[in-house]
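This report describes selected features of one protein model.

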Amino acid sequence: MMKFTAAGDAIIQRRIQEGYVGFSELTPFINQGDARFFNLETTLNYEGECYGNQFSGGTYIRTNPEALIDMRRLGFNMLTFNNNHIMDFGFDGMMKTLDYVEKSDFVHAGVGRNLAAASAPRYLDTVNGRVALISVNTSFEPCCMAGRQSERVPGRPGINGIRMTEKLEVTREELAFLRGLGDRLGINIDRDIFRKEGYYPPLADTEAELGKLKFILGEKTKRSFVPNEEDMQRIATAIFEAKLQSDYVMVSVHAHDIDGQTKEDIPHFLKEICHRCIDMGADAIVGHGPHLLQPVEVYNDKPIFYSLGDFILQLYSIEFAPAEFFEKNGLDANDTVHELLKKRSQNFTVGLMADRKMMETVIPYWETKDGNLTSLRLMPVELMRADCTKSDEGLPRKARDYELVERLAAMSAPCGVRMTVENDGTVTCKW
């Protein structure tokens, strides 16, 4: 029998004091797992080590490398930092984070000095078996993607990404309107010229372009996302390799894109990716990215946690930020961070830390036999209470209010998962 625990996004920007109440409440539960995973959604670098990038994953997130010590104290032994904040502080920030993680004793996957290294499975040896970790990401800037090596050119450092194509289907009437609109606006002139010069293939009668958007003729108006098949094949190869080298294969998936009516809806492309990974041989999928809970599913006796939400959320703990972050919010780089965050959050009334759903999560604990799920329990967790101090703000503690369980249970019911709150406050899942 093998045992596992996992947590979602750890947006860490300051040290976590060992004596805070969450250690005694959560660490025993986390430590039940042989493999204990989380998503490190920050960059590791000291002040002045790295420049700020022209773009970020939202907030420019960083902390000192000692934060890894605190996550180890909480009980974790596996991580990924393959997420949309990987380049907040440029290639320097990414490489510093990689260096500091490699110097720690955490098993990590998803970021490497070339594409082969970023996509390779990484292994944790435990007394009950060997666990493989593979990490993928669907929400990233193109420059974050790692590159292949050639015989004479080194590979580019970066992430193991799954590139997504936005598919826009329209009716014949809409297609004609878009073509005419493009002509009237002149928005396609550059591309039309390059197309005549042979740099682009000609447009078919069933296609239209409007700037960078491409539309195709369909039976009805529809928007969807399609995962890149080359990337999916690379994931399949990694899972195939991991099946030989390990007893259990865990795939971490970071995904922000939405194609439903709410953030809680499982995106169709995400369900496709998760199901395909399990069909390829993965034993569990641990999802994160949208900063709130999404449904739990058991597919072919394998657990899928589409999103575990935020495990640590310290967005108000920024000590300094790049000039671009101030300018983006209409401020001067010499203004205070307090002014920056106050304006960005409309006086601290909007944003992740003002939304209760973003401050609620669960820690799953599951047991397996021969790779198949035999039991699943959840620890409900909250990150904000009325009595918390500045030091505790955004840190996980055992939940007192179980409304989040009702919400998660309602979301997961269509996936065939039923949830019951036990006397000790944990949640038993049946499927």
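## Basis and burial

A residue is called buried under 20% relative accessible area, exposed over 50% and partly exposed in between, with a 1.4 Å probe and protein chains only. By this definition H291 is buried, with a relative accessible area of 8%.

The structure is a predicted model, in which local features need pLDDT of at least 70 and side-chain atom pairs count only at pLDDT 80 or more, while totals for chains, interfaces and linings use all residues. Residues are numbered from 1 along each chain as its sequence is written, and side-chain values use heavy atoms, with hydrogens and water left out.

## Aromatic pairs

A pair of aromatic rings is described by the distance of the centres and the angle of the planes. Rings of Phe, Tyr and Trp (its six-membered ring) are paired if their centres lie within 6.5 Å; planes under 30 degrees apart count as stacked, over 60 as edge-to-face and the rest as tilted. The count by this rule is 14 aromatic pairs. One of them joins Y46 and Y100, which are edge-to-face with 5.9 Å from centre to centre and 90 degrees between the planes. Because Y46 lies in the loop between β3 (43–44) and β4 (62–63) and Y100 in helix α3 (residues 90–103), this pair ties together parts that are 54 residues apart in sequence. Helices (H or I, at least four residues) and strands (E, at least two) are DSSP runs, numbered from the N terminus. Y46 is partly exposed at 31% relative accessibility, whereas Y100 is buried at 16%.

The pair of F76 and F311 is edge-to-face, because the ring centres are 5.5 Å apart and the planes stand at 85 degrees. F76 belongs to the loop between α2 (67–74) and β5 (78–80) and F311 to strand β19 (residues 310–313), so the pair ties together parts that are 235 residues apart in sequence. F76 is buried at 0% relative accessibility, and F311 is buried at 1%. Elsewhere, F4, Y248, F305 and W366 are linked into a cluster by ring pairs.

## Charges over rings

A charge sits over a ring if NZ of Lys or CZ of Arg is within 6 Å of the ring centre and within 35 degrees of the ring normal. R72 lies over the face of F106, at 4.7 Å from the ring centre. In another such case, the charged end of R130 sits over the ring of Y123, 4.3 Å from its centre.

## Packing of α1 and α2

Two packed helices are described by the angle between their axes and the distance between the axes. Here the axes of α1 (residues 21–30) and α2 come within 8 Å and cross at roughly 70 degrees. This makes α1 roughly perpendicular to α2. The axes are lines fitted to C-alpha atoms, for helices over the stretch in contact, and angles run from 0 to 180 degrees between N-to-C directions. Angles under 35 degrees count as roughly parallel, over 145 as roughly antiparallel, 65 to 115 as roughly perpendicular and the rest as oblique.

F23, T27 and I30 of α1 make the contact with D70, R73 and L74 of α2. Contact means heavy atoms within 4.5 Å. The residues of this contact divide into three nonpolar, one polar and two charged. In that division, Ala, Val, Leu, Ile, Met, Phe, Trp, Tyr, Cys and Pro count as nonpolar, Asp, Glu, Lys and Arg as charged, and the others, Gly among them, as polar.

H108 is placed in strand β6 (residues 107–108) and is buried, with a relative accessible area of 11%. Apart from neighbours within four places in sequence, H108 is in contact with L79, F81, L98, V101, E102, R122 and L133.

V296, in strand β17, is buried with a relative accessible area of 2%. Neighbours within four places in sequence again left aside, the contacts of V296 include I304, F305, L376 and L408. The C-alpha atoms of V296 and L308, twelve residues apart along the chain, are separated by 9.0 Å.

## Backbone and loops

H291 has a phi near 70 degrees, a positive value in a residue other than glycine. H291 is found in the loop between β16 (284–288) and β17 (296–299). F348 also is not a glycine and has a positive phi of about 65 degrees. The loop between α10 (337–344) and β20 (360–369) holds F348, which is partly exposed with a relative accessible area of 31%.

N423, in the loop between β23 (418–421) and β24 (427–430), is exposed with a relative accessible area of 88%. The C-alpha atoms of N423 and T361 are separated by 19 Å, the two residues being 62 residues apart along the chain.
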